[in-house]
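Welcome! Please open the structure in your viewer and keep the selection tool at hand, and we will walk through it together.

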Amino acid sequence: MTVYVSGCGSSLIHAQSSFDEFKRRASEQFEQYRAEKHKEFADYRARVNREYEEYMRRAWREYEAAPAIPVQPSPEPPLPEVAPPDTEPDDSPLPFANVTPVPAPAPEPVPLLPDEGNDRQPDMTPGMAFGFYGSTCRVAFDDELRFALRSTDENSVADAWRKLSGPESVALVKSCVALRDSLHLSDWGYLRLVEKMSDTAFGIKSDESVLMQMFVLAQSGYKVRIGRGGKRLIMLVPSDEIIYNHTYISIDGAKYYVADRDAASGSVQVFDRKFPNEQVFSLRMGREPLLAYEAAPTRRFKSKFTPEIDLDLAVNKNLVDFYNDYPLSNHWDLYAGASLSEAVKSRLYPVLRASIDGRSQRGAVNVLLHFVQTAFEYMTDGDQFGIERPLFADESFFYPYNDCEDRAILFSVLVRDLTGLDVVLLHYPGHLAAAVGFDEPVSGNYFEIDGKRYTVCDPTYINADVGMAMPQFKSTGAEIIRL
């Protein structure tokens, strides 16, 4: 039987036509809204940079550059001691001087970019490629952004700033920020990325490169200043952490470090003007930089206490080079917070997990402690590098030796990653150890912090089990560093 429904087809056609008209109007309204927002942003950005340029033309204030803070010589560190065999830990509390809290996370920089569509990839044509620790990077770089400074006086720099403030630089800044995020770069890593990009565009350490770096970083939401030492431009970077071996200028009680260590001494004229929403740089790394992998020479690591922990391992040479260029600091938690690279974890952690599986918390931590005590050769930083130089955890698998702070940093990473237990670092004059907050009763030397017990674990006290502190530090008040 056939059933006829009259008028149905024409009704559907009419409904479809109405829907298409609705979509068209909605699309037009959205495009109009987006155009208005982009114009508002463009006007705001132009006004901000124009005002900044006008201030840049005024005479820059003169400061005296302070000598670089040298790496502080450490008291003669103790050589690794060997615990007497069959020694049992004594269950006694130890004194401590103070507790350094976990630093508050730094606010995320807010780039001077349009709010709408920031997650979209910028148009990379025309673009420019450059190398960054083995990785090939590409940014949106229009030839309109190229300039040559007549001199480094105020008006010449301000004229160049005006040129850089054009609409062509929006795509450049957006592509730089996108690279920062995709490569998982810290603030300092981003500074290095922008430096490599600018040097590629204008020549290594040229005045034009310095100004481009300052421009991109300011537009990216970072607090930077530009100065003139002699006839050269220099970039000044404030940091809440001490940065060794960089000259600096004190402005309103804050240290502004000269990014190029060889760039400035004596009298420096500084353009000291705030840029909207600027954020101070941080040296801390929340995650591993994602750099191209280049295998370093393979090394063997074997625990003398746990025979099944015996493996060959190679680290990423590009990551080692990145860490080698990182500023030296006295913030031990900065190094411990960087963790280990996925390349090392993928080779090391299955072996360690197989060895600690099924053990008590104390037994598992003992396995990790003895691995760090016995799988590495000891040498002081002074003997290996000529200066005090803490190692990031990956670097302990690259350099032939490590010392007490390197072992404490690596041990803290292993315990937190593989057991989930809380770890603190113990800083003594010339020595760094660790303590673990167990969730089960564990005997041994301990600290009580805010009602929680942390049991000493010393990766430089060879053969010592959990709970055994080096005898010479039992009566010394440690600085306890939370991670």
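Start with two helices: H9 passes H11 in a right-handed crossing. Keep in mind along the way that this is a predicted model.

To find the pair, select residues 361–374 for helix H9 and residues 404–419 for helix H11. Their axes come within 10 Å and cross at roughly 150°. Angles over 145 degrees count as roughly antiparallel, so H9 is roughly antiparallel to H11. Now show the side chains where they meet: on H9, pick out Ala 364, Val 365, Leu 368, Leu 369, Phe 371, Val 372 and Gln 373. Their partners in H11 are Arg 407, Leu 410, Phe 411, Leu 414, Val 415, Leu 418 and Thr 419. Sorted by class, this contact of H9 with H11 holds 11 nonpolar, two polar and one charged residues.

Next, select residues 168–182, helix H3, together with residues 207–219, helix H5. How far apart are the axes of H3 and H5? They lie 10 Å apart, and the helices pack at an angle of about 75°. H3 and H5 are therefore roughly perpendicular to each other. Ser 169, Leu 172, Val 173 and Cys 176 of H3 make the contact with Met 212, Phe 215, Val 216 and Gln 219 of H5. Six of the residues in this contact of H3 with H5 are nonpolar, two are polar and none is charged.

For the last stop, select strand E4 (residues 127–132) and strand E5 (residues 135–140), which pair in the antiparallel sense over six bridges. Look for Phe 132, which stands opposite Ser 135 in E5. E4 and E5 form a hairpin with two residues between them. In that turn, click on Tyr 133, which has a positive phi of about 50°.

Technical notes
Residues numbered from 1 in each chain as written. Predicted model: local features only at pLDDT ≥ 70, side-chain atom pairs only at ≥ 80, totals over all residues. Heavy atoms only, no water. Pairing = 2+ DSSP bridges. Helix = DSSP H or I, 4+ residues; strand = E, 2+ residues; numbered from the N terminus. Axes fitted to C-alpha atoms, helices over the stretch in contact; angles between N-to-C directions. Parallel < 35°, antiparallel > 145°, perpendicular 65-115°, else oblique. Left-handed = near helix turned anticlockwise from the far one by under 90°. Contact = heavy atoms within 4.5 Å. Nonpolar A, V, L, I, M, F, W, Y, C, P; charged D, E, K, R; others polar.
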